[in-house]
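Thanks for coming. Please have a look at it first.

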Amino acid sequence: MSDNTAVRAAKLDKIFGTPVCAVLLAIFCNVLWGSAFPFIKLGYRLFSIDSGNTASIFCFAGVRFMLGSVLVLLGSILLQGKAPRLPRGRVATECCALGLWQTTAQYAFYYIAVAMLTGAFGGILNSTQSFLGVIFAHFIYGNADRMTPAKTLGCAVGFAGVLIGTLGNHGGGSGWGVFCMMAATIIFTLSGPWNKSVTKKADSFAVCFLNLFVGGLALFVLGTVMGGRLHVQSALAAVVMLYLAFICGAGYILWALLMKNNPVSRIAIFGFVNPVVNVLLSAVLNGEPLFRWQYLAALVFVCVGIWLVNKAPAQKEKV
């Protein structure tokens, strides 16, 4: 690494490690991710993809993630002043395997679920990743990340919110859709430790690029082999696809840099923004009911749960 590149990287880490910047960027990331579900549903309509057309759904997802990987390269050049150095050998293989797991497997289930669930209901189900991550961390990291009374209460409150949304689900989606969303959530949660491990062995931009490109390519090839096709119906369809690509590209980059330079609780606590944005945009973009009491009650419980599981004494954490 040249002196200029090292200085630039140090400045970048300083910016992302500043508490105010970290908070604002964490909120921004969650706004992006919260908008993904409703915009994907909008994209299905604009590309004339029926909910049962799994092949075309996979093609749609694959194109999004491959475009997102290009944005990661551009982000690296913009933020680091150079293209990421791609890993070789065993590390490269591990990055590709991570892409097949975290992007291909997770989003194959996720995109099927999007087609079968309302945005509000799907977003509430997807929020369980905040609680599953806490539970899995207890067993994966041992004494380094044990369950606490606050975390236990947060998980209980959060899952109670999901239960309220599920029991009150009148037309919100099918049982298969619920299964796919929960499968995607579990895969995402289990991907976290692996992703963090890989980014210690290679440039985080390179890991993000390979994750998105390999995973997206696999989805596109699978969809094409199954007979899927994409038909751009209007300029708006292309704009929505580019925005979705921006969400995954920018989200991966920003979150990786935030995780690198901050205590987890400082940024993860803003996960409550995700389901709120999801529900609001689902109403605006897709005409879904906003004031259904089950969704509002579920949102309150889920947001309080996310706040509780991530509220930890700062002095006990290390960046």
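Of the 319 residues of this protein, 50% count as buried, where buried means under 20% relative accessible area, exposed means over 50%, and partly exposed lies in between, with a 1.4 Å probe and protein chains only. Before going on, note that this is a predicted model: local features need pLDDT of at least 70, side-chain atom pairs count only at pLDDT 80 or more, and totals for chains, interfaces and linings use all residues. Residues are numbered from 1 along each chain as its sequence is written, and side-chain values use heavy atoms, with hydrogens and water left out.

The secondary structure comes to 13 helices and 0 strands. Helices here are DSSP runs of H or I with at least four residues, strands are runs of E with at least two, and both are numbered from the N terminus. Among contacts between residues at least 6 apart in sequence, 89% join residues at least 24 apart; a contact means heavy atoms within 4.5 Å.

Now to helix packing. Two packed helices are described by the angle between their axes and the distance between the axes. Axes are lines fitted to C-alpha atoms, for helices over the stretch in contact, and angles run from 0 to 180 degrees between N-to-C directions.

Take helix α2, residues 19-46, and helix α10, residues 235-261: their axes come within 9 Å and cross at roughly 150°. That makes α2 roughly antiparallel to α10. For the cut-offs, angles under 35 degrees count as roughly parallel, over 145 as roughly antiparallel, 65 to 115 as roughly perpendicular, and the rest as oblique. The residues of the contact between α2 and α10 divide into 23 nonpolar, 4 polar and no charged. Here Ala, Val, Leu, Ile, Met, Phe, Trp, Tyr, Cys and Pro count as nonpolar, Asp, Glu, Lys and Arg as charged, and the others, Gly among them, as polar.

The next pair is helix α8, residues 175-199, and α9, with axes that come within 9 Å and cross at roughly 130°. That makes α8 oblique to α9. By class, the contact of α8 with α9 has 2 nonpolar, 4 polar and no charged residues. On the α8 side are Asn195, Val198 and Thr199, which meet Ser204, Val207 and Asn211 in α9.

Stay with Asn211, which is found in helix α9, residues 204-225. Is Asn211 buried or exposed? At 0% relative accessibility, Asn211 counts as buried. The side chain of Asn211 has a polar contact of 2.8 Å with that of Gln102, and another of 2.5 Å joins the side chains of Asn211 and Thr103. A polar contact is a pair of N or O atoms within 3.5 Å; within protein, one must be able to donate a hydrogen and the other to accept it, and residues adjacent in sequence count only if both atoms are side-chain atoms.

Thr103 sits in helix α4, residues 89-116, and at 0% relative accessibility Thr103 also counts as buried. Leaving out residues up to four places away in sequence, Thr103 touches several others, including Phe65, Leu212 and Tyr252. Asn211, on that basis, touches Tyr252 too, and Asn195 is among its other contacts.

Helix α5, residues 119-126, has 8 of its 8 residues buried, so it is largely enclosed by the rest of the structure.

Last, a backbone detail. Most residues other than glycine have a negative phi. Ser48 has a positive phi of about 55° although it is not a glycine. Ser48 is in the loop between α2 and α3 and is partly exposed, with a relative accessible area of 49%.
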